[in-house]
Amino acid sequence: MTQTREPERRSRTLRGRPYSLDEFTSIYGLLSDQAESLFARFGPSSIELDLLMAAKRRLAGRRDSIAEPTNGGNR
């Protein structure tokens with residue numbers, strides 16, 4: 001008989017001030033289900049969530065996920 005092991009839940013040290021779910025949702029213009037998923041996986045740490053959103057190229061206060069580059073010319 002094979003026994004399945006549950007992955008251990010490690011507690012993370014909170015870095016930076018914590019975001020509330022509502023604050024995180026409004027800052028990044030996320031849908032509530034998107035914000036809840038990220039909040040559940042990464043926790044409320046403002047530093048962790050800001051780094052995550054920067055990696056996803058989401059800027060605070062903007063609804064579009066990736067800003068179009070404006071280089072003024074065609075390549």
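What follows is a set of questions and answers on this predicted model.

Me: Is E23 buried, partly exposed or exposed?

Reply: E23 sits in helix α1, which covers residues 21-28. Its relative accessible area is 23%, and the partly exposed class lies between the limit of under 20% for buried and that of over 50% for exposed. E23 is therefore classed as partly exposed.

Me: Which residue does the side chain of E23 join through a polar contact, and at what distance?

Reply: When residues up to four places away in sequence are set aside, E23 touches R17 and P18. Of these, R17 is linked to E23 by a polar contact between the two side chains. The partner is R17, and the distance is 2.5 Å.

Me: What is the make-up, by class, of the contact of α1 with α2?

Reply: The crossing in which α1 passes α2 is right-handed. On the α1 side the contact is made by L21, F24 and T25, while α2 supplies A35, E36, L38 and F39. Sorted by class, these residues are five nonpolar, one polar and one charged.

Me: Is T25 buried or exposed?

Reply: T25 is found in helix α1 and, leaving aside neighbours within four places in sequence, is in contact with L30 and A35. Its relative accessibility is 17%, and the limit for the buried class is under 20%. T25 therefore counts as buried.

Me: How far apart are the C-alpha atoms of E23 and A35?

Reply: E23 belongs to helix α1, and A35 is one of the α2 residues in the contact between the two helices. Along the chain, E23 and A35 are twelve residues apart. Their C-alpha atoms are separated by 9.9 Å.

Me: How far does the backbone oxygen of R17 lie from a polar atom of the S46 side chain?

Reply: S46 lies in helix α3, residues 46-55, and counts as buried because its relative accessibility is 9%. Not counting residues up to four places away in sequence, S46 touches R15, G16, R17 and Y19. From the backbone oxygen of R17 to a polar atom of the S46 side chain, the distance is 2.7 Å.

Technical notes. Residues are numbered from 1 along each chain as its sequence is written. This is a predicted model: local features need pLDDT of at least 70, side-chain atom pairs count only at pLDDT 80 or more; totals for chains, interfaces and linings use all residues. Side-chain values use heavy atoms; hydrogens and water are left out. Helices (H or I, at least four residues) and strands (E, at least two) are DSSP runs, numbered from the N terminus. Buried means under 20% relative accessible area, exposed over 50%, partly exposed in between (1.4 Å probe, protein chains only). Contact means heavy atoms within 4.5 Å. A polar contact is a pair of N or O atoms within 3.5 Å; within protein, one must be able to donate a hydrogen and the other to accept it, and residues adjacent in sequence count only if both atoms are side-chain atoms. A crossing is left-handed if the near helix is turned anticlockwise from the far one by less than a right angle, and right-handed if clockwise. Ala, Val, Leu, Ile, Met, Phe, Trp, Tyr, Cys and Pro count as nonpolar, Asp, Glu, Lys and Arg as charged, and the others, Gly among them, as polar.
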